[in-house]
Amino acid sequence: MLIFASLIMGLANSTVQTLSQTILSQETPPHEQGEIMGINASYMSLGQIAGPIAGGSLALLSIHYPFLAGGLLICIATLISRKITLQKAAH
């Protein structure tokens, strides 16, 4: 079961990374694309460092907390994305 879940997560993660880079390159002027891709790579690296540390720390408190925190972060990201999308549609 763990191997199956890991395969699904790997496929989903690779899709998200590709889509985020595509969106960033389309929304950024050509002369700033290198800079924004570097910033994106830095944030992705920070997330790969801080995520497991935060998740492990929360798991020490309760095994349910990492999942709750992940769900909360997804909800916040969804709201922010919706707000940005609505603002872009209004312009």
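This is a predicted model: local features need pLDDT of at least 70, side-chain atom pairs count only at pLDDT 80 or more; totals for chains, interfaces and linings use all residues.
## The chain and its surface

Confidence is lowest in helix H1, covering residues 2-27, where the mean is 89. It is highest in helix H2, residues 33-61, with a mean of 94.

Now for the overall layout. The protein chain has three helices and zero strands, and reading along the sequence gives you the pattern α-α-α. Its radius of gyration is 16 Å, well over the 12 Å that the globule rule gives for 91 residues, so the chain is more spread out than a compact globule.

As for what is hidden away, buried residues make up 3% of the 91 residues.

## A buried asparagine

Asn-40 sits in helix H2. Is Asn-40 buried or exposed? With a relative accessible area of 13%, Asn-40 counts as buried, because the cut-off for buried is under 20%.

And what does Asn-40 touch? Leaving aside residues up to four places away in sequence, Asn-40 is in contact with Ser-20, Gln-21 and Leu-24.

Gly-55 has a relative accessible area of 22%, which makes it partly exposed. Its C-alpha atom is separated by 8.4 Å from that of Ala-69, a residue 14 places away along the chain.

## One salt bridge

How many salt bridges does a search of the whole structure find? The search turns up one. The partners are Glu-27 and Lys-88, with their closest N and O atoms 2.3 Å apart. Glu-27 lies in helix H1 and Lys-88 in helix H3, so this pair ties together parts that are 61 residues apart in sequence.

Lys-88 isn't hidden from view, either: Lys-88 is partly exposed, with a relative accessible area of 46%.

## A nonpolar patch

Last stop: the surface again. Which residues form a nonpolar patch there? They are Leu-72, Leu-73, Ile-76, Ile-80 and Ile-84, and together they have about 480 Å² of accessible area.

Leu-72 lies in helix H3, which covers residues 65-90. Its relative accessible area is 53%, so Leu-72 counts as exposed, the cut-off being over 50%.

Conventions
Residues are numbered from 1 along each chain as its sequence is written. Side-chain values use heavy atoms; hydrogens and water are left out. pLDDT is the predictor's confidence in each residue, from 0 to 100. Helices (H or I, at least four residues) and strands (E, at least two) are DSSP runs, numbered from the N terminus. Patches are made of residues with over 30% relative accessible area and no salt bridge: like charges are joined within 9 Å, nonpolar side chains (Val, Leu, Ile, Met, Phe, Trp, Tyr) within 5 Å. Accessible areas come from the Shrake-Rupley method with a 1.4 Å probe; for residues, only the protein chains shown count as cover. A salt bridge is a side-chain nitrogen of Lys or Arg within 4 Å of a carboxyl oxygen of Asp or Glu. Buried means under 20% relative accessible area, exposed over 50%, partly exposed in between (1.4 Å probe, protein chains only). Contact means heavy atoms within 4.5 Å. The radius of gyration is taken over C-alpha atoms; the globule rule is 2.2 Å times the number of residues to the power 0.38.
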